[in-house]
Structures are given as structure tokens and as C-alpha cells.
Amino acid sequence: GTIAIKNGYVFDPLNEIKGEIMDIFIRDGKVVKELSAAELKNAKVIDASGMTVMPGGVDSHSHVAGAKVNAGRQMRPEDHYKATLKKTSLTHSGSGYTVPSVYKQGYDYAAMGYTTVFEAAIPPIEARHTHEEMKATPLLDMGGYLVLGNNFFLMRYIRDGDIEKAAAYVAWMMKTHKTYGIKCVNPAGVENWGWGKNVSSLDEANIHFEITPREVIKGLAEINERLGMPMPLHLHANNLGHPGCYAVTKDSLKIPAGVKPRQNLDVEWAETKMDPSRDRSVYLTHLMFNSFAGTTWGDCESGVKDIADYINNKDHVVIDSGCTPFGEATVMTGDGPAIHDLYTLTGNKWSNTDVEMECGSGVIPFTYLKSNPVHSLQWAMGLECLLLINDPWKTIMTTDSPNGGPFTKYPEVMTWLMSEAFRKQTFSECHKWANDRSELGGVNRELSLYDLAILTRANPAKTIGMAHRKGSLGVGADGDVTVYNINPQQLDPNNYEILLRTFRKAEYTVKGGEIVAVKGEIVSVPEKRTYYSEVHVEDEREKEMLADVKEWFRYYTLGFANYPTSEKYLENPTPIKVNGE
Ligand code: MFN
Ligand code: ZN
Ligand code: ZN
């Protein structure tokens, strides 16, 4: 589409534009410097005067597709009758509150101004199913991360010190499954869960493979940079959700400290003022769930300050928060034992899956209550993750949807970040542990619209290596834009009700130069894309590696020929060419 978005206050951090009144022009789906008079005459025009204009929202960690997400949909009929969506001539029907159906999630994201969402965890063997659900999700450009931290082939190669073959294997796996980045969930520990166990420290070797979490993290971080991957190693650290886990989290972050980021993409970069390439070697996800101090739920407290201090003094770490905005959630993760722990705590229905040779998963419904001391603390800790780390370019806002709460609660999280008054209001409604056992009550930082554009657009895009086309409004970028009905000149964070209301429904969501949503109503459903990494390694290396893989493949219940996901399962497959070493 071709469109002019006129006279808005533009917040575009990758181009260091901080609320200047500007026009944004998009021709054939891409941002351009200007439109000719003739083009302007035929273009759609949005009058954004008195409003806030940002690049389209980018969610770099959300559980939206694949076997475990679908298990969450299937096991929760009660999640579905409460939230329903009627069919229109343009849109599908749909349902689901914490785990919406594929159609509903696409519309709900777009209504809030988001245009790009990356699936957090794809088990290789489930990649085809995951792609089918991503393909069926309307409006959103997508991609997903391949779960590799407990993969039999990799655990063998890394244990034997064969990093070269391990790297060739990862490169081959990315193109075989059409996935984008390396995800590592409870390294070495999920494999032990197959035996009803976990690992309790970074140096405990697991059963049979005799490999430690530390070795897996180090190996994968090195492989990631050898291959020149778009994003850093994406880490879900060990010991998640246990009082005292913050210590393991901090030690885990030290492991890739010496690994030099080396992103090597063969793509066309949109114009940006800032360097849009990534400069981190580890992207730690849902920091909140990995930041408990104390020894039991009875004496637990926030350990976020300590980790934030570490991150404030280092430059190799970027995190997303995993905020918990209170209310219903569905916890779903590749970390099987973590789900079992929540089952023993709550007695809720749950599911657990061992994904042969590769990983595992679990799902359980969970409700975060303002009356519960621990849940109140978790609310405070999630916000601490984003407010105690000083440099916004080290943070990304998420709820680890739907683990901390559904993505439709982002407006609440954004408003808590911008408004101390709103935080005070919530402190007054929730259990006193939120204040007594965290530092949040002493924080008076209020994020600006510019900061918010970093946390929800520019930085997720830069972090995962998509800033060549997403998260910015530079010439050549995708024409994805959010217009919020907020006048920055009149913005009053004390008046937080207005912020909540405006963030819930973007005034306009523009995707590829087409208006897709107006005041939360879907008005068009243009095509979308799926990104994956096509990593080059030398043929000879791939051949040697494949000889091993074919030999070991007999332990799978499926045949080698049935393993790959072909491009036909992807909507507009868009390979990102990566120059491996
Ligand atoms: C992410 O994958 C991902 O997610 C995430 O819920 C995950 O009883 C997996 O409900 C959690 N305990 C307590 O609330 C506190 C303890 C209790 C005690 O034992 O003493 N204390 C009190 O009740 C205080 C009483 C006094 C007072 O001050 O009121 C629990 C409970 C819980 C807590 C349970 N934990 C789990 C958290 C959620 C999700 C972890 C991980 C989660 C996993 N990935 O004077 C007075 O007023 C009286 C004061 C009271 C008194 O003393 O009696 C994806 O990939
Ligand atoms: Zn996780
Ligand atoms: Zn997650």
C-alpha cells in the first residue's frame, strides 16, 4: 500500500527521533523519503496531528503457535467461552482469553498496534505444526526460535568438544525446520526430567549425556556467533520459578560474557541513525521468573536488583521481562519440571510431554492474585526488571504471553511503566509483599513515550536482528506503523486511565502501508510473511555432520525424509541469509 501519515509526533528511536512533528510516507509497503505530487493524490492519508506515531509493535517472545500452545487451547474450554469473537465479512470467528485461537490472536495483536510476533519455542519435530498455526495467524509477520538446549545430537557434539560439527548441525536444523534463532530451555535439565529429575546447579552433569548446563550454554553461545546468527543465544535459564533461583541466573549470564557478538547477515538494511546490528551475546528471557531470592515461598523476595546491577555494569546482556499483570494465565514452557512444580503447588490440571530426542514441555492454568503475597511480589519484580536496568536498550517488555498473562494486558504494563501514580494505585490494592520485598516502591522513574518505543519496537527488533526492516521508520523499513491517540504535549502520567484506554486500541495500525485496524477494529487483512534463517556452512562440513545425524536418526520414531518442513507450510517464506564461518 501507499500512504501518508501526516503531522504526527514521531517516536523512532533507531533514528533518534524523539517526538518531532513529521510526515511518514510509505510506497508499496516500504517507508520512503517522500511521495510525488501525483502519488500523494492517489495515496491514503492519515491525519495524525496531535497524535503519537511509532513503528509497528514487535513482540520478540510470545507463545502463539505449536503443539504446546495448542495443548493449552485444548485443555482449557473455560478459557474459550468467556472470550469470543463473531465472524464478519472480513474476519474469522474466534475465541480464547489467555490462549486465543490463531485468528483471534492475529486480530488482537493488530488492534493494539503490533505487527510482528516471534514464537518463543519450537521443538524441531513439531516445526511443521507450528508453521501451520503461524500461517493461519492473520496479519502478523512471524518467525520462531528452535529449542536446542536438550537436543541429543547437540549434547553429544558439545560434550565431545566438536563445536564445528555442532555448528553445522544447528545451521542445517535452521533451514530444515525453517526457524530463525537458537533457543535454550533449562539446558541439560529437561533431559533429566525424562527420568523424573532436574539439574540443580550449572555444574551438575545430566544422566547419560554427562553434560552440564554450563557446557550447553557455552557451546550454544559459541555456535551462535560462529554462525553469525541474527539474534543472540535466547536463554531460558535453569532453576526457573524457585526461591533462590536468581543466583543461577546471574551465573548463567556470566558464561557468554567472553563470547564476542558476530551477527553476519546478507540483507538490505533500512536507513537508521543508530547502528541497527546487534551487540549482545545473550538474550535472557522472562527475567522475572528467574529472579527469586530467598529459600522458600514463605521467605522469598525479589532478587532483581542484584541482577540489574550486574546487567547495568555489562554490555553483553539483553533481557525481556516476563511481567505478571494479575489475573488469568496459562503457563506453558519447554521446561517440563517447572510445570510439575506448579502442579504440586496448585493441584490444577496439567499436561506434560517428552519430545523424543529433543526437548519436552508442560502446560498448566494459573491465576495471579492481588491477594496472594507471592503473586503481588511477582508483579513488582516484573516491573523492576524494566525499571532497575538503566539502559532501555538492554530491556524488552513482555508478559511471556501467556505465562505471566496474555499479551492483551500489555496496555496495563505500558501504563505501569509510564505512571508512578498507577503503580501506587496497584500497590494499594495488592498484598504488602509487593512493596516490602522489592525495591519497586522506591522507584520514581517513569518511562517516556520514547523509552516505550525502545522497549516495544526498536529494541526487540534490534535484539533479534530484524532492525533491517522492523522497529524503525527509516527509509527502506517495512511500512508498519502504530498511531496512538496520545498528544505528547498534553500527556499526564497521573491521568493513567487515559493511557490505559489509548494503548488498548491503537487509533490506526498500518501494516506494509495498509491500514489494518482503526480504533481496534480490523479493516483489512493483507498478506503476511514468515522469516527464517538460512545459514551458510561449507558443503563438506554439512556432509560430514549429516553422516552422523543419519546414523543416529534410527532412534527417532519418524523417518529422516519426513523430518523437514518444506516452504509450502510457510506464508510468504522469507529466508534471512546468514554467513556462517
Ligand atoms: C516461563 O515457565 C515460565 O511460572 C514460567 O504461587 C513458569 O500459598 C514456567 O499460594 C510462580 N505461597 C505464598 O503465597 C506465600 C507463602 C505463605 C507462607 O508460606 O508463609 N505466606 C503467607 O501466606 C503470608 C501470610 C502473612 C501475610 O503477610 O499475609 C503460596 C500460596 C506461589 C506461591 C504459593 N508460587 C509460585 C509462583 C508462578 C508462576 C512461579 C513460577 C511461575 C513458572 N516460561 O498480620 C497479618 O495480616 C497476617 C499476615 C500473614 C500471616 O503471617 O499469616 C516459558 O517458557
Ligand atoms: Zn521460557
Ligand atoms: Zn516463554
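Helices (H or I, at least four residues) and strands (E, at least two) are DSSP runs, numbered from the N terminus. The model is predicted: local features need pLDDT of at least 70, side-chain atom pairs count only at pLDDT 80 or more, and totals for chains, interfaces and linings use all residues. Residues are numbered from 1 along each chain as its sequence is written, while chains are lettered from A and ligands numbered from 1 in the order in which they are written.

**Exercise 1. The shell around ligand 1**

Identify the residues that come nearest to ligand 1 and the element that gives the most to its shell.

Solution. 
- Step 1: A residue is near a molecule if its C-beta atom, placed from the backbone, lies within 6 Å of it. There are 19 residues around ligand 1, and Gly 241, Trp 297, Gly 298, Thr 333 and Val 374 come nearest.
- Step 2: At least two shell residues come from each of β17 (327-333), α11 (336-346) and α12 (373-387). The most come from α11, with 3 residues.
- Step 3: Ala, Val, Leu, Ile, Met, Phe, Trp, Tyr, Cys and Pro count as nonpolar, Asp, Glu, Lys and Arg as charged, and the others, Gly among them, as polar. The shell comprises 10 nonpolar, 7 polar and 2 charged residues.
- Step 4: Gly 298 lies in the loop between β14 (292-293) and β15. Having 9 C-beta neighbours inside 10 Å, Gly 298 counts as exposed.

**Exercise 2. Packing of α13 and α17**

Describe how α13 and α17 pack, and name the residues that make the contact.

Solution. 
- Step 1: Axes are lines fitted to C-alpha atoms, for helices over the stretch in contact, and angles run from 0 to 180 degrees between N-to-C directions. Helix α13 (residues 410-418) and helix α17 (residues 496-504) pack at about 145°, their axes 9 Å apart.
- Step 2: Two residues are in contact if their C-beta atoms, placed from the backbone, lie within 7 Å. From α13 come Pro 411, Glu 412, Met 414, Thr 415 and Met 418, and from α17 come Tyr 496, Leu 499, Leu 500, Phe 503 and Arg 504.
- Step 3: By class, this contact has 7 nonpolar, 1 polar and 2 charged residues.

**Exercise 3. The buried face of α14**

State which residues of α14 are buried and why they line one face of the helix.

Solution. 
- Step 1: In helix α14 (residues 420-429), the buried residues are Phe 422, Arg 423 and Thr 426.
- Step 2: Seen down the axis of α14, these residues fall within an arc of 100°, so they line one face of the helix. The arc is that of the directions from the helix axis to the C-beta atoms.
- Step 3: What covers the buried residues of α14 includes α13 and α17.

Methods: Buried ≥ 20, exposed ≤ 12 C-beta atoms within 10 Å, placed from the backbone.
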